[in-house]
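Subject: Handover of a protein model

Dear colleague,

I am passing on the structure below, together with notes on what was found in it. Please read the notes with the model open beside them.

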Amino acid sequence: MEVAMSITLELPKQLNIDHGMFFASGFSCSLNARDRKIVCVTSGNSYFGSHLIKKLLACGYLVRVIIQNQANLEDMKELMREEMEQLESVVVARMGDLESLCNAFRGCHAVFHTSSFIDPRGISGYTVGQIISV
């Protein structure tokens, strides 16, 4: 039996952002667990991230998890007792550090970004930093 996950995301056609207008169209992604490609999940120590990881592992995917610091590893161990040994790896990478993220994503077929934080402007700081640096 072939296990496949097909994801279709419908994005808004036009989204107002402080930095201008963002235009997008729908897209889809098809992943096949049988190919044994690595998928990455950010913030594996979160409630949502840990449940997504469990589902991906149950479907047969190789999962790499990104956490922001070593202390998050203990939170992950609490949320995912048995699944910890099934992970491809757990990597510490700062969301604001482009180089550490590139290293963490290297070799991944897909990234499930579940990490977030709030800044005073209402836009995640690392997103603003990447927009400005481009």
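What percentage of the 134 residues of the protein chain count as buried? The figure is 34%, where buried means under 20% relative accessible area, exposed means over 50%, and partly exposed lies in between, with a 1.4 Å probe and protein chains only.

Before the details, a word on conventions. This is a predicted model, in which local features need a pLDDT of at least 70 and side-chain atom pairs count only at pLDDT 80 or more, while totals for chains, interfaces and linings use all residues. Residues are numbered from 1 along each chain as its sequence is written, and side-chain values use heavy atoms, with hydrogens and water left out.

Confidence and overall layout

The predictor's confidence in each residue, pLDDT, runs from 0 to 100; the protein chain averages 74, and 64% of the residues score at least 70. Over residues 1-27 pLDDT stays under 50, and for that stretch the model has 46 contacts beyond four places in sequence, a contact being heavy atoms within 4.5 Å. Residues 130-134 also stay under 50, with two contacts beyond four places in sequence.

The secondary structure comes to four helices and eight strands, taken as DSSP runs numbered from the N terminus (helices H or I, at least four residues; strands E, at least two). Along the sequence the pattern reads β-β-β-β-β-α-β-α-β-α-β-α. Among the contacts with a separation of 6 or more, 60% are accounted for by residues 24 or more positions apart. The chain exposes about 8,600 Å², of which carbon and sulfur atoms supply 56%; these areas come from the Shrake-Rupley method with a 1.4 Å probe, and for residues only the protein chains shown count as cover.

Helix 1 and its surroundings

Helix 1 (residues 47-59) has 13 residues and reaches 19 Å from its first C-alpha to its last, close to the 18 Å expected at 1.5 Å a residue, the expected span being 1.5 Å times one less than the number of residues. Its buried residues are Gly-49, Ser-50, Leu-52, Ile-53, Leu-56 and Leu-57. Why do they lie on the same side of helix 1? They do so because they cover an arc of only 160 degrees around the axis, the arc being that of the directions from the helix axis to the C-beta atoms. The face turned away from this buried side carries the exposed residues Tyr-47, Phe-48, Lys-55 and Ala-58.

His-51 is partly exposed at 38% relative accessibility, and its C-alpha is 8.6 Å from that of Met-80, 29 residues apart in sequence. Lys-54 is partly exposed at 27%; leaving aside residues up to four places away in sequence, Lys-54 touches Leu-79, Met-80 and Glu-83.

On either side of the helix, two further residues deserve a look. Ser-43, in the loop between strand 5 (38-42) and helix 1, is buried with a relative accessible area of 15%, and it touches Gly-49, Ile-66, Thr-114 and Ser-115, not counting residues up to four places away in sequence. Just after the helix, Gly-60 takes a positive phi of about 100 degrees.

A nonpolar core is a set of buried Ala, Val, Leu, Ile, Met, Phe, Trp, Tyr and Cys residues joined through side-chain atoms within 4.5 Å. The largest has 19 residues, of which Val-39, Ile-53, Leu-56, Val-63 and Leu-87 touch the most other members. Strand 5, helix 1, strand 6 (62-67), helix 2 (72-79) and strand 8 (108-112) each supply at least two residues of this core, and the largest share, four residues, comes from helix 1. A second, separate core of eight residues includes Ile-38, Cys-40, Met-95 and Ala-104.

In helix 2, Asn-72, Leu-73 and Met-76 are buried; they cover an arc of only 100 degrees around the axis, which puts them on the same side of helix 2. These buried residues pack against strand 6 and strand 7 (89-92). In helix 3 (residues 98-105), Ser-100, Leu-101 and Ala-104 are buried, and an arc of only 100 degrees likewise puts them on the same side of helix 3. Their cover includes strand 6, strand 7 and strand 8.

With best regards
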